[in-house]
Amino acid sequence: MSTTSFTHEFNTESFKGKVSFPTGVFIDGKFSAGGDNTTIDVINPTNGKVITSIAEGTAADVDRAVQVAKRTYEKSWGLNVPGAERGRLLNRLADLMEKHFDELAALEALDNGKTFNWAKAADLTMSVATIRYYAGWADKIHGQVIETSEDKLAYTRHEPFGVVGQIIPWNFPLMMMSWKLGPALATGNTIVLKPSEFTPLTALRMCTIINEAGFPPGTVNVIVGYGNTVGQAISEHMGIDKVAFTGSTLVGRKVMEAAAKSNLKNVTLELGGKSPNIVMNDADLETAVNWSSHGIFWNHGQACCAGSRIFVQSGIYDKFLKAFTEKTLSLKLGDPFAEDSYQGPQVSKIQYDRIMDFIDSGKKQGAKVHVGGERFGHEGYWIQPTIFTNTTPDMRIVQEEIFGPVGVVIKFEDEEDVLRQANDTLYGLAAAVFTKDITRGIQFAHKLQAGTAWINCVNQLHPNVPFGGYKQSGVGRELGEYALNNYTNVKAVHVNLGHTI
Amino acid sequence: MVVQIAIPNSNSTVSVATGLFINNEFVPSVDKAEEPIKVYNPSTEEVLCTVTSASVKDIDVAVAAARKALKTTWGKNVTGFERARLINKLADLIERDAQTLAELESLNNGKPVKIARDFDIGDSVGCLRYYAGWADKITGQSIEIDRNMKVAVTHPEPIGVCGQIIPWNYPIQMWAWKVAPALAVGCTIVMKPSEITPLTALKLSELVKEAGFPPGVINTVPSLGSVGGAALASHKDVDKVAFTGSTITGRKIMEAAATSNLKKVSLELGGKSPHIIFESADIDQAANWAALGILYNTGQDCTAGSRLYVQDTIYDKFLSVLAGKAKELVIGDGFDESSGGGPVVSKGQYDRVWNYIDSGKKEGARVVIGGEKRSTPGYYVDATIFADVTPNMKIVKEEIFGPVLSVGKFHTEEEAIALANDTTYGLAAGLHSTDSSQCHRVSTALEAGTVWVNQYNVLYNNVPFGGKKQSGIGRELGSQALDEYISTKAVHWNYGEKLDWPL
């Protein structure tokens, strides 16, 4: 059976155009059917209908990909290719992504449900910038020369691992792919990447683009399949020396376990969060309201760093809640391709059910639905932006990651108390504080147990600033120079020039 | 103010704007105090065109333009991402116009077109892309001091308005080495190309504008060294001067900086680099590298391996192999495909190099090959090798900057090191040996900023380059070049400590 492919004519208010590209398993620069000749249906979250069927990858495909990636690493990638050349190819990749900017954004909106405008402004913009940023690092991977004594030359090399496995989620499909490809390729690794089976389209479109950019076949291999087959195969593969996973904490544990049981491969994880967003009495109200809304409702709440627990000091609580409610009610839900839509549907039926279940539990456990709390529309997976108040710390909606447009607003009085509450979670991905007193902002930032501390903003990232979790939100950092450490293995070379024994 | 220069062997011309490039426009001199500069073709000895020569007042105008840009559209007002984008665009444009730029470079400097295009320009494009990659990665540090009360951070700020003075031996490449790191960090530039080879700097200025740099970020002011160069070095509103050229001029620049406003100074000066051939060396390969070391760019290279020291056991054999290699290089017109080298750049240089050859003969060195003038037009100097030299000869002590090699003999490794280091210069050195311990010992002992082991004259954009001793101050290329354009500000932010008073 030959490769599946996807052809589609976009005829929407904000984007018109035709796309056509292969959607098979991508190994060694070629597309093919999956190992069992089965397919996965890609569902349109606006109406539950099948967009297309793509080849399903299997553990056998992972095995094949690893063999190819290993061969490519040894012969045509790795340190056989100077950094400047790796950088050149990454820049070429970014150029091509820019060339196909709107098409990629449209595919992302179609597949994930986020609006076309947000896909352009956030996902595509950040994806291109991230690839360019790492292109610049490729010829700057320095080791050190370390002075010991005159009869020794000691230096370090920061070598690539070899074949790395990468497993990415469905909330920012293309952006997550670029965060993974950038540092891995810049440092000289070859890749076996599993996109989410819920949102594979932009990753598959990228395969053709990767070929066009000129990467040697086998440098990047893309296999769409299920977590418990393809994801598991990658995590436990004896020929993969490093695995990077972004997704839920639950699955992150499985990845780390599989790595431990197989070959102790190096593991980095970007997991969940229940990030606190603290609004002090002296916060600028408009700033706090706008950013808080962005913090929980951007991307339909499907962001690992979402500011989902909003702590508001009692002096500003009533004013804040009123303005925040107004802001929330002003967010327009609608078709992802309508020019004025802010929010599209949640990504899938499973997520929809999960979020509605949390909302139910909030109601049952006695929290007050201040805004929202219901489905929007009659088909597809839209959920109204929702605010709960009158919660208690033990409620599920306060403790667990919902991953939807559902925020809890919690009143507090005392600074020490709110810091304690903010840190009272297994998670530690991000945190934010709103205050005009920057001294206090900095003091809070230093005390919050989170990998990213935002002062007077939320959910703002840059390709050159590191991002990652404390505690059970993750291991390692992405973005910035720090991400290079995830993909290099340090070798110390000792050249003895005169020490006899 | 635009001239058309004919390209040999074709019907086309290249246009060159001959005014001063200030604020993204080509303008005349404000006071016309200086005679226009005659620009020569060293292969034909003919005048190609004249260009405006910047006066002291013109330098003031250019510096003011650079200062304004620094305060408004550049410096801290532009992000690293945007600087990266613009520098990459400039690199793309230079790549696009590589053939034309190579032809212009060859007409003005004499080097072969193919070398200008594939090496000078190829490496220059790589240099710009390398530093574009750094622009958004220039980080300061956060430093632990009093926990819970203070935070200390360092900001790597651009030094400011930089005067850059470049030589005539690699006009385009020296331009790229200077502008790339300065722009990546956020500095603005007043660039004075050599008055002997101003044409490609002027042509590159068109591309600066096309790439989209804001006006005033790069300004190009061809000028006499004693006028424009001196004015930049002593200017009270220039924050840093970067100079590549002779050690004699380098001293003047540093002096002017000291007596004016203590501006920061970096210098890439001359060299009399030693090139050592040990008896275990691969003779054929070493001879290739030795030939490259003195003949590349017709010896007009600050790192030229101009003092060759050969171990006595292989001296005669090596000398004969080397002479054969030197004879293989065709030195001729830059537009002739068979040329591997061109004339020296000017009448002044021609006379200077021939003076040294004469002195070599007078002081008793043996001419192995060369040493005879041609009778045809052009400032040609053929490969010249002097053997049996002694340390006190002028040709051994002083930088000749032509294809003239002095070859001496040594017996022991210690002697070779002593001979090699016996110079006020310290730019580069080379050694050939298959004994790896010897390679390490000798490379450690050589007093030079770059040591080549079993090769010579190969540089990479990501490896630092510069001189020890009187060959220079500071480093170009690699991440270190960025340090030359960064001024660190430490911010101590107290948010928790209250001061008790009185003490």
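Contact denotes heavy atoms within 4.5 Å. The legends below describe a predicted model, in which local features need pLDDT of at least 70, side-chain atom pairs count only at pLDDT 80 or more, and totals for chains, interfaces and linings use all residues. Residues are numbered from 1 along each chain as its sequence is written, chains are lettered from A and ligands numbered from 1 in the order in which they are written, and side-chain values use heavy atoms, with hydrogens and water left out.

Figure 1. Leaving aside neighbours within four places in sequence, L181(A) is in contact with I131(A), Q166(A), A186(A), I191(A), L193(A), M206(A), I210(A) and V220(A). A nonpolar core is a set of buried Ala, Val, Leu, Ile, Met, Phe, Trp, Tyr and Cys residues joined through side-chain atoms within 4.5 Å; buried means under 20% relative accessible area, exposed over 50%, and partly exposed in between (1.4 Å probe, protein chains only). The largest such core has 175 residues, of which L181(A), I94(B), Y131(B), W175(B) and F213(B) touch the most other members. Helix α4(A) gives the most to this core, with eleven residues. Helices (H or I, at least four residues) and strands (E, at least two) are DSSP runs, numbered from the N terminus. A second, separate core of 30 residues includes Y356(B), V389(B), V396(B) and A416(B).

**Figure 2. The contact between chain A and chain B.** Chain A contributes 16 residues and chain B 13 residues. The buried area, which is the accessible area (1.4 Å probe) that two parts lose on being put together, summed over both, is about 1,500 Å², with 64% from carbon and sulfur atoms. Four residue pairs, both at pLDDT 80 or more, are in polar contact across the two chains. A polar contact is a pair of N or O atoms within 3.5 Å; within protein, one must be able to donate a hydrogen and the other to accept it, and residues adjacent in sequence count only if both atoms are side-chain atoms. On the side of chain A that touches chain B, α4 (116–137) and α14 (438–447) each supply at least two residues, and the largest share, five residues, comes from α14(A).

**Figure 3. Salt bridges within the chains.** A salt bridge is a side-chain nitrogen of Lys or Arg within 4 Å of a carboxyl oxygen of Asp or Glu. The structure holds 49 salt bridges over all chains. In one of them, R132(A) pairs with E98(A), the closest N and O atoms being 2.9 Å apart. R132(A) lies in helix α4 of chain A and E98(A) in helix α2 (residues 83–99), so the pair ties together parts that are 34 residues apart in sequence. In chain B, K111(B) forms a salt bridge with D120(B) at 2.5 Å between the closest N and O atoms, and both K111(B) and D120(B) are buried.

Figure 4. N390(A), which is not a glycine, has a positive phi of about 55°. N390(A) is placed in the loop between β17 (386–389) and α12 (396–399) of chain A and is exposed, at 54% relative accessibility. For N23(B), likewise a residue other than glycine, phi is positive and near 55°. N23(B) is partly exposed, at 37% relative accessibility. A cis peptide bond joins W501(B) and P502(B), with omega about -5°.
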